[in-house]
Amino acid sequence: MNESTKHHDSQNPMKEPSPISRRQFLKGASVATAGTVAAVQFPSVVHAQAKQPMNAVIIGVGGRGSGAGGNFLEAGKTVGVDAKIVAVADIFPSQARGAGARFNVPDDKCFSGFDAYRRALEVPGVNYAVLATPPGFRPAHFKACVEAGKNIFTEKPVAVDGPGARIMYEAYELAKKKGLKVAAGTQRRHEANYNETIKRIQDGMIGDIVTLRAYWVNGGPIWHRGERGETALEKQVSNWYHYIWLSGDHITEQHVHNLDVCNWIMGGHPVKCWGQGSRQQLGSKSGEIWDNFDVEFEYANGARMFSYCGQIKRNWASVSEAVHGSNGSANPANTILSRSGKTLFRFREKFVSGYVQEHVDLINAILTDTELNEAKNVTDSTLTSIMGREAAYSGSAVEWDAILNSKFAYGPEQVYTDSSKMQWGDFRTLLPPMPSAHDIFKDPPVVPVAAQA
Ligand SMILES: NC(=O)c1ccc[n+]([C@@H]2O[C@H](COP(=O)([O-])OP(=O)(O)OC[C@H]3O[C@@H](n4cnc5c(N)ncnc54)[C@H](O)[C@@H]3O)[C@@H](O)[C@H]2O)c1
């Protein structure tokens, strides 16, 4: 491990905050009190009489959907509730069948196709939906779950553009009105180590927050599944990470976790950003996305967040966050240091992963009818990542209201209206974005399309 790796490693919170001017310091002065910790502290066992069974449907049963299904079943055991997976839905029949066999779901409850999610939601008794498709479908699926009155565990991210985020915000309001419970796959919010550390940061242990840093820098490339299927849509959905309308690109797809931690600490989202990035190592592989981004975000009070993400082969790597305050610094995963480097707090309990805990918290919220709706937080953090991506793609500074109200939709129209009506067929592929040649805010937007093969 070289020095710079140590510096950002999650076990090594920074000891030397960058010098801060008094002006910057004052601008950050109200931050510490602005945040609200979204800690979800439910007991692991709820009174027996409250225990209605949990009947789940999993929508999108690839790697994470299958993992989340297992986490849900384990959470059911932890809480002591009758938890079952009663239906699975996947766009591809083989995926649905495979997951059905894994979770003992009868064949007639293993749905496939674009409308699989709707048919699964109609299965009698379903009161819990797990959403784990590629994020491009999330707004449509989330909205359908809310309309059908289901409690939801939604994987992150929850949109890939402004139009999708607006669907999420509306559905969040409706879910609140209906009293539905929603947990999101930003699992750090369900981990005691983050909760205990962030609570202390928000209580002022490092003074006023001035800067934050967020990293999802992989030391290697992301998977690429090649060209599977007949039509353009089939090829894109199979290899979804590489298409902006499906994944939102790396900054949205994965870095949203670290951006979410920073927003959580700050109690809100940034208002502006500028940045850069490139498609450095994907070369001639099919797809539209970039493989690295560096973005500087500014919060309403002037505090800055420096964000770095990349999926390229390289020696230094880190997935972590860091916070600098007027009186110290912190690794929000577990450690708080004074300005002189003295340890003010270190989380010393056994680490408990958020993957099961997020379902324990959601099940308990349902059983006790306690408020839990993480849809707004995860949408805010998703849109933060989208704002950063568009700043880098276009080479311009981008403001929150512009991205929130952006009319440019990356996906096919039906993804935003009723994705169950989609059919396999053609869809355009974009050229990887080039700063100054890509701009979704122009009227009409400038987004170069690749020539058809
Ligand atoms: N919270 C975490 O730590 C974490 C970890 C991994 C993945 N994820 C998230 O989970 C989601 C899925 O990722 P994955 O790694 O499981 O991908 P995956 O490719 O392994 O699985 C996605 C599944 O969704 C299916 N699918 C695609 N379009 C669909 C549609 N319209 N309707 C129904 N099914 C559809 C695919 O056929 C596939 O089986 C992503 O949003 C990802 O960010 C979160």
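**Close-up views of a predicted model**

**View 1. Helix α8 and the residue that follows.** Gly-204, which comes after α8, has a positive phi near 100°. The model is a predicted one, in which local features need pLDDT of at least 70 and side-chain atom pairs count only at pLDDT 80 or more, while totals for chains, interfaces and linings use all residues. Residues are numbered from 1 along each chain as its sequence is written. Helices (H or I, at least four residues) and strands (E, at least two) are DSSP runs numbered from the N terminus. Within α8 (residues 192–202), the buried residues include Tyr-194, Ile-198 and Ile-201, where buried denotes 20 or more other C-beta atoms within 10 Å of a residue's own, exposed 12 or fewer, and partly exposed in between, with C-beta atoms placed from the backbone.

**View 2. The open sheet.** Nine strands, in the order β14-β13-β12-β11-β7-β10-β9-β8-β15, form an open sheet of mixed pairing, strands being paired if DSSP finds at least two bridges between them. Because β14 and β15 (398–399) stand at the edges with a single partner strand each, one side of each is left without a neighbour in the sheet.

**View 3. The pairing of β8 with β9.** Strands β8 (residues 272–278) and β9 (residues 292–298) pair in the antiparallel sense over seven bridges, and Gln-276 stands opposite Asp-294 in β9.

**View 4. Leu-73 in helix α3.** Leu-73 lies in α3 (residues 63–79) and counts as partly exposed because it has 17 C-beta neighbours inside 10 Å. The C-alpha atoms of Leu-73 and Val-360 are separated by 9.7 Å, although these residues are 287 residues apart along the chain.
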